[in-house]
Amino acid sequence: MNSAPLPRWSLLLLLTIVVLAVVVPWISPWNYYTPSWDELDLEPTFVNGHWLGTDDLGRDLLVRLMWGCRISLLVAVAASLTSLFIGVLWGATAGYAGGRVDAWLMRTVDVLYAVPFIPFVIVLTVLFGRNIVLLFVAIGAVSWLDTARIVRGQTLALRQREFITAARVGGMSAAQIVRRHVLPNLAGIVAVYLTLTIPTVILVEAFLGYLGLGAQAPLTSLGVMIADGAAQLRSRPRLLICPALLLALLVLCCNRVGDALRDRFDPASGGGA
Amino acid sequence: MSAVLALQVDGLSVTHAAADGARTVVSDVSFSLPRGRILGIAGESGCGKTQLLLALLGLSPPGAQVGGSALLSGQQLVGADRRVLRRLRGNRIAMVFQDPMTALNPYLTIGTQLAEVLQVHRGLSKSQALLHSQRMLEAVGIDAPARRLRQHPHELSGGMRQRVLLAMALLCEPDVLLADEPTTALDVTVQAQILDLLLDLRERLGMAVVLVTHDMGVLAQVADDVAVMHAGVLVEQGPVQQLFDAPQSTATQSLLAAARQLSPTAQGLV
């Protein structure tokens, strides 16, 4: 593997954020849900241990921020993996089988594309109540469509390659070929797509949170915090600035890593196998 | 009809469905191939050579109509059940591809790719299969075979990869080996090595080889019999010497003329 180095700083920053999100709520003396009437609205200070101050209910902002980060990342990773799993299986099957199977599978995808996302999520919340698992399902159910299309396209191209014919001449069955020859060759593009899906999902989750369809209070996510913070922009700007900055950093780092991975796997840019 | 015929093809034809009606790409091809002999099939690009091979393997593109008969050691290939064909492919009939650069999966090690053939057909465990693969790599003249098994295709040279493909095709000791321009993508010295290897293996394993090429020089070197194909039809076939000395059809004559033009010093190719 020769090619552009991974963006070291982005990777490092991403890792730091993840570690902090895991560790800080753990070791901090405060939790994210208990309001404290004596500590409403403190400015950031090192004296009392509220490094980023407290919010309008007296809860430590740093701890809440890290919890929000946890939830956002959790939703992002879970939803991305879900979409990856469905999308890869669906796309690889369609692409390799071809013909009528392909047509049916991909027309299904087309139909699902036409389902409007926000009303879909609203209907889900009405039916099942607000639930963090629902977020995974909703986002995963929508984002696998792109994955399926991309994977199908790649599989179509792969199927024309001679080593696939060679495997057929060798007497492999379709299932064996997909498992042993198609899927490994998709690994590169899928890894890239995963790193590019995660930031998208983080943003979608933030968007849903902003609409009030996200995590249920007192639990929070970056999107929910931004929505709450925006309402108090005049009086307490740091309630907006802190989560917004963290979200921006997170998405930026993920995108940078994803771009670098894509370059690395793109044969045209001289990297990859 | 003498002894055992490895491959007997009778009136084989392949027709593709096209937008403006059917198009016949292989038409009424017949030949027979005893064990241990090499049949060269020559013809210009697009004359249906590869389509013929694919039809023998039951791998004609979807929608293609294959007619006639092809017997592999007595077993009918045309219209055979998919499962039956899958058991035969790679096992009793194998193929070597033209381009060794693309016929190996770049993401898997040589060992994995060789072993999987044996795992599928012989039901060997991976370690047994690897051991057998290593012996086969040695047989096709690859040095340090144990190390090669752990390498990926891009770490090998073109000639070495073609040897690997040959080893892969030979793993189950097939009755018939189909070679689709196995030397076209290689440079001349490597080409000669591969052809020598083919002759040597034919001798040792007693298999029949169908060698497809448009290079008459190659055929002169290794083939016992030659069939010339033109526009989907076998226009002429016979022992190599006879065909080169007294070509009957214009297709054969022009192929020979083209070969002589490329190497004017070699007047007689045989």
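This is a predicted model: local features need pLDDT of at least 70, side-chain atom pairs count only at pLDDT 80 or more; totals for chains, interfaces and linings use all residues.
Helix 7 covers residues 174-210 of chain A, and its end C-alpha atoms are only 46 Å apart. A straight helix of 37 residues, at 1.5 Å a residue, would span 54 Å. After helix 7 comes Gly212(A), which has a positive phi, near 85°.

## Chain A as a whole

Zoom out, and chain A turns out to have nine helices and zero strands. Read from the N terminus, its elements go α-α-α-α-α-α-α-α-α. Taken along the principal axes, the box filled by the C-alpha atoms of chain A is roughly 75 × 45 × 30 Å.

Of the 273 residues in chain A, 39% are buried. As for its contacts, take those between residues at least 6 apart in sequence: 68% of them join residues at least 24 apart.

## Ile132(A)

Ile132(A) belongs to helix 5 of chain A, which runs over residues 132-159. Is Ile132(A) buried or partly exposed? Ile132(A) has 15 other C-beta atoms within 10 Å, and being buried takes 20 or more, while exposed means 12 or fewer. Because its count falls in between, Ile132(A) is partly exposed.

Ile132(A) can also be set against Leu203(A): the two are 71 residues apart in sequence, and their C-alpha atoms are 16 Å apart in space.

## Where chain B meets chain A

The contact between the chains draws on 16 residues of chain A and 24 residues of chain B. On the chain B side, at least two residues each come from helix 2 (82-88), strand 6 (93-96) and helix 3 (110-121). Helix 3 of chain B gives the most, with four residues. By type, the chain B side splits into 13 nonpolar, six polar and five charged residues.

## Strand 6 of chain B

Strand 6 of chain B, one of those contributors, is covered on both faces. In a regular strand the side chains alternate between the two faces of the sheet. Here Ile93(B) and Met95(B) take one side, Ala94(B) and Val96(B) take the other, and all of these are buried.

What does strand 6 of chain B pair with? Its partner is strand 7 of chain B (residues 176-180), in the parallel sense and over four bridges. Within strand 7 of chain B, Leu178(B) is the bridge partner of Met95(B).

Note on methods: Residues are numbered from 1 along each chain as its sequence is written. Chains are lettered from A and ligands numbered from 1 in the order in which they are written. Two residues are in contact if their C-beta atoms, placed from the backbone, lie within 7 Å. Ala, Val, Leu, Ile, Met, Phe, Trp, Tyr, Cys and Pro count as nonpolar, Asp, Glu, Lys and Arg as charged, and the others, Gly among them, as polar. Two strands pair if DSSP finds at least two bridges between them. The expected span of a helix is 1.5 Å times one less than its number of residues.
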